[in-house]
Number of protein chains: 2
Amino acid sequence: MATPKITAVGSVGLDTIITPSGKREELLGGSVVHFAVSASFLTKVGIVGVAGADFPEEHILFMKDRKIDLEGLELVENGKTFRWTGSYLEDFNMAKTHCTDLNVFADFQPEIPDDYKTSPIVFLANIAPALQLHVIDQMNETSYRICDTMNLWIDNTREELCKVFEAVNIAIMNDGEVRSFTGIDNLIKAGRRMLEYGMDYCVVKKGEHGAMAFGKNNFFTAVPAYPVDEVIDPTGAGDSFAGGFVGYIAEKGDHKPETIKKALRWGSVMGSFNVTDFSCDRFRDTKPEEIKARLVEFENMIG
Amino acid sequence: MATPKITAVGSVGLDTIITPSGKREELLGGSVVHFAVSASFLTKVGIVGVAGADFPEEHILFMKDRKIDLEGLELVENGKTFRWTGSYLEDFNMAKTHCTDLNVFADFQPEIPDDYKTSPIVFLANIAPALQLHVIDQMNETSYRICDTMNLWIDNTREELCKVFEAVNIAIMNDGEVRSFTGIDNLIKAGRRMLEYGMDYCVVKKGEHGAMAFGKNNFFTAVPAYPVDEVIDPTGAGDSFAGGFVGYIAEKGDHKPETIKKALRWGSVMGSFNVTDFSCDRFRDTKPEEIKARLVEFENMIG
């Protein structure tokens with residue numbers, strides 16, 4: 001197999017989602033899945049994750065159809081896939097978790113296939129910082145490192161998370177996580193403070209309010225969100241954003257401030273597709289031309 | 001006197017403000033003052049408002065120094081100026097009102113000086129819709145009409161407010177007001193819905209998250225906020241935003257979508273100056289070159 005441009009590591013799951021539009025069960029989900037489906041429209045992605053023997057063949061076929069490299073996806077015999085049930089009944093910005101069954105994900109120890117180790121970019125989706133560090137250890141030193149995280153790790157494993165931040169080039173977080181990690185309410189000050197933890201760039205996602213990026217030498221950029229007038233299911237919006245963002249960087253092949261600016265726009269556009277249907281279903285019938293047209297439309301709106 | 005490019009009508013007051021930075025009393029305030037001080041960096045503004053005999057001469061001199069036309073500012077003999085006391089101790093996005101003394105503002109009946117009636121633009125700052133309509137009646141029909149409003153009028157005088165929206169070209173509102181007026185939570189849908197009330201454009205201010213504008217034929221644009229890492233006093237930020245926005249339109253002399261896009265950037269920049277000191281004090285020592293440099297910096301950040 002060829003080395004993918006991005007090696008992405010994270011959860012693979014089956015989600016049950018309740019929104020004002022209804023309830024849907026056993027949907028394809030997980031951070032690395034949402035990330036990879038989105039990034040697959042821009043570049044070649046290989047995923048590292050784990051699922052059980054109950055993981056439906058159709059999901060495998062869908063990801064193969066999207067040209068996602070599945071060499072790193074382990075299917076555990078007799079194991080059950082990670083399941084999550086959540087609802088967004090009062091607020092689309094905050095999921096309420098009803099139930100989490102880690103199943104095979106509880107023992108996840110990411111092993112990077114040899115082909116993947118020289119990927120120019122490694123994306124560490126939201127998994128325990130210790131596992132993120134374990135992935136970094138296996139990757140070639142030249143890989144550009146981009147991570148996500150969540151409040152669970154900020155609250156409980158801050159020391160390891162700090163090691164991750166020191167090791168990565170870019171951290172992608174949401175506004176609440178940046179505020180919580182720094183203890184600073186002003187998002188501009190908080191975003192700048194993140195850089196003191198060692199990363200080159202900190203990207204702050206703000207949902208319907210777009211995203212910002214902070215970098216060295218006082219670099220700052222921001223984009224509004226692409227306007228979406230009907231959100232159906234926000235699950236995976238942040239991972240789809242990351243897929244567009246990291247996918248663009250992978251294709252561009254550099255990490256200059258101008259590249260980061262443009263990558264935020266790709267993130268905003270990919271996130272906007274994801275939220276208009278359950279799971280990553282919106283990407284099943286989305287054509288690359290449609291995505292490019294939306295990027296142009298978005299740039300005209302804001303440019 | 002020459003006809004000002006903008007005739008602006010609204011409150012003139014003395015504010016007592018409590019923020020985490022401290023308490024300051026009897027500061028120059030009022031919606032039309034914040035608006036005019038900001039717009040005065042871009043164009044010629046005349047204000048229509050009322051104050052009492054106690055209104056400090058230094059405030060008059062400051063506004064004259066900013067070349068603001070004060071022909072429409074009535075000073076009521078033996079009258080007391082409108083006073084407002086508010087705090088921002090928990091949330092910079094929402095003032096807590098401690099005390100409002102309307103004083104001479106209670107009987108405010110805006111009378112437009114003859115010189116002002118042919119202004120190309122009339123800005124109706126946040127006053128009762130009935131007074132906004134009274135101003136529109138006095139202005140030349142060719143004046144381009146831009147209004148602000150607040151929840152008080154949305155909740156209590158909706159019928160008159162609808163007449164204002166039908167009569168104006170642009171309504172400037174904040175996110176909460178647009179949601180409350182339309183009853184729609186999704187801001188994109190809510191902003192589009194506003195256009196059904198008759199205006200050409202609806203501008204939605206989102207504080208630290210920037211601003212958006214909606215127009216006919218599905219026109220949409222958005223800007224992030226200029227990054228401010230230390231907010232001292234947000235009072236008047238929305239009016240300063242409007243000053244930059246309307247001031248740019250006045251100087252450009254048209255209302256094309258491209259002009260609206262650029263005007264949002266001017267709004268964002270002018271609002272960013274206002275919040276970094278109490279009252280409109282930041283504008284006392286701001287040079288026009290400093291503002292132009294920040295606009296260029298901002299366009300580089302987001303462009």
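Some housekeeping to begin with. Residues count from 1 along each chain as its sequence is written, while chains are lettered from A and ligands numbered from 1 in the order in which they are written. Because this is a predicted model, local features need pLDDT of at least 70 and side-chain atom pairs count only at pLDDT 80 or more, whereas totals for chains, interfaces and linings use all residues.

On confidence, pLDDT is the predictor's per-residue score, from 0 to 100. Chain A averages 96, and 100% of the residues reach at least 70. For the complex, the predictor reports an ipTM of 0.90 and a pTM of 0.94.

Now the symmetry. Chain A goes onto chain B by a rotation of 180° with 0.0 Å of shift along the axis, at an RMSD of 0.0 Å (least squares on C-alpha atoms of residues with pLDDT of at least 70 in both copies). That is the relation of a two-fold axis.

So what does each chain bring to the contact? Chain A gives 23 residues and chain B gives 23 residues, counting residues as touching if their C-beta atoms, placed from the backbone, lie within 7 Å.

Last stop, chain B: β2 (13-19) and β3 (22-29) pair antiparallel over six bridges (DSSP pairing needs at least two). Two residues separate β2(B) and β3(B) in this hairpin, and B:Asp15 has B:Leu27 as its bridge partner in β3(B). Thanks, all!

Conventions
Contact = placed C-beta atoms within 7 Å. Helix = DSSP H or I, 4+ residues; strand = E, 2+ residues; numbered from the N terminus.
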